[in-house]
Amino acid sequence: MSLLEVRDLKVTYPGGAAAVRGVDLTLQAGEKLGVAGESGCGKSTLALALLRLLPPGARVGGEVLLDGEDVLTMKWGRVRAVRWAGASIVFQGAMHSLNAVHRVGDQIAEPIVLHRRATPAGARKRAGELLEQVGLPAARASAYPHELSGGQRQRVMIAMALACDPRLIVADEPTTALDVMIQAQILRLIEGLVGEQDVGLIMISHDLAVLADTCDRLAVMYAGRVVEEGPARQVYEDARHPYGRALAEAFPTIGDPASRFAPRGLPGDPPDPAAVPSGCAFHPRCPVALDLCATQDQPLREAGTHRRAACVHVGPDDTGTPGDDDTPTGEATPPRNGAADAHGAAAGGRERAEGERPARRGKPAGARSPGNSLTPGKDTEPAPETAIADRGTAAEGGGPAEGKEPAANTAAAHSAAADGSAAADGSAAADGSAAADGSAAADGSGAVDGSGEHTADAAVGGSGTAGRRRAGGAGGVASAEDDGVRSSAP
């Protein structure tokens, strides 16, 4: 008998959002199952539904058989007994899950006292042993969550999950927001503990490569359904469903310049769970979709040995990748802005010369944990855009606003046009990009010099010479002096 068997699990939130739409999974003791997919595909909802941790109002259907007993039909007293002791969960975001005003040792000891009927002293001793088991000193039991690093808090969550010797552990993105070194340590820790204690593991992550390296089997979810399932390494290296293939191709190949300079992605976003498209939910984004995909939903079908995929292009004897021998309806999906196609041509621009590096763009700073940074009492409507006068840039386009004079200290060796497009040596591209002595510009935000470096606010000639040059603009004629001081003339 399987340790866990999920049959036709469905979860619908108030308002009609169908987060999980008929999921079937099985897990044996000692087996590691990875669940992958983009944000909004229903992975975390699936994890919460396994232990009935969903918010009030959510409608749940199907069966969740844990050692043959249906969790969804258990009385609440039995559910409380199963949690932590029979099955435990490592929640996404340790800082949100730990109680900020209790010491971590007391939080680990609490389920031991409740489920193992241990004395407080015995529970504290066991908590220290668990911390050492996950690589932390027993003395850290007296620390509060804010006194620990992100990796240490995640280790505490794993210790809590192991506190009552459960047979099933559900890890919901246990390495989120951790650096790669700590991530590797946490993954090896989880892998070792599962092997030693013969427990079943369901690991949820966005990172297909991590799951392929850690898990035995892999299930890919899209729009609340499993669209591909099979041995983890095979699914990662030779996905049969177009969505699984797109997820795998999103990771660059180490040592492959073509993969580095022309990363392949998937345009668009997952559908709204409250308005899932008809037919195959993936067909609006699928590069190999057929006409029938818009009207006929595709069930999971055999796609090889111990493999299943919900795609019209696969069958029991399928050994190829989706779309190899099929002609899609419509044109191929164009590369996204800033990306390059298979021939090295930029989207909407010229072909990149051999050995030339793509223009680098600045990246906005982002918080490590949005859950800690967003204000719970306010909505997420964007703040009004404000001009950045000291940089001489407009709210959009990377150049000065049309008809406005930029700040004096933002002039470069040559001047930039007021409408966001730049010209150097008298040449300018019609699409808003600039040519600077043979170098490529970055769609109006600046140009690159002969060495490939990206300038901050204005187009710069690759020759490096200084002179009084003109750049046509809607606001008049602007020029730059040899000493870098900006002047303008009507």
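Buried here means under 20% relative accessible area, exposed is over 50%, and partly exposed falls in between (1.4 Å probe, protein chains only). This is a predicted model, so I kept in mind that local features need pLDDT of at least 70, that side-chain atom pairs count only at pLDDT 80 or more, and that totals for chains, interfaces and linings use all residues. Residues are numbered from 1 along each chain as its sequence is written, and side-chain values use heavy atoms, with hydrogens and water left out.

**Around β9**

I checked the whole strand: 6 of the 6 residues of β9 (residues 217-222) are buried, so the rest of the structure largely encloses it. Strands (E, at least two residues) and helices (H or I, at least four) are DSSP runs, numbered from the N terminus.

Which strands pair with β9? I found β3 (residues 32-36) pairing with β9 in the parallel sense over 4 bridges, with L33 opposite R217. On β10 (residues 225-231) I counted 6 bridges to β9, and these two run antiparallel. M221 has V226 of β10 as its bridge partner. Two strands count as paired if DSSP finds at least two bridges between them.

β9 and β10 make a hairpin with 2 residues between them, and A223 in the turn has a positive phi of about 55°. I noted that most residues other than glycine have a negative phi.

**The four-stranded sheet**

Next I looked up an open sheet of 4 strands, in the order β2-β1-β4-β5 with antiparallel pairing. β2 (17-27) and β5 (69-70) are at the edges with a single partner strand each, so one side of each has no neighbour in the sheet. I saw 2 bridges joining β4 (residues 59-66) to β5, and L66 has E69 as its bridge partner in β5.

Helix α1 (residues 43-50) lies across β1 (4-13), β2 and β4, and runs at about 115° to β1. That angle is taken between N-to-C directions of lines fitted to C-alpha atoms (for helices over the stretch in contact) and can run from 0 to 180 degrees; contact means heavy atoms within 4.5 Å.

R52, in the loop between α1 and β4, has a positive phi of about 55° although it is not a glycine. D67, in the loop between β4 and β5, also has a positive phi of about 55° and is not a glycine. Are they buried or exposed? R52 is buried, at 19% relative accessible area, whereas D67 is partly exposed, at 34%.

**The second largest pocket**

I then looked at the second largest pocket, with about 420 Å³ of space. Of its 20 lining residues, W84, E110, P111, L114 and M160 are the closest to the centre. β6 (87-90) and α4 (104-116) are the elements giving two or more residues to the lining, and α4 has the largest share, 6 residues.

**Whole chain**

Last, I noted the totals: 12 helices and 15 strands, with buried residues making up 42% of the 490 residues. Of the contacts with a separation of 6 or more, 61% are between residues 24 or more positions apart.

For the pocket terms: on a 1 Å grid over the protein atoms alone, where a 1.4 Å probe fits, a pocket is an open set with protein on both sides within 12 Å along at least five of seven lines, and lining residues have an atom within 4 Å of a point. Volume is the space filled by probe spheres set on the points.
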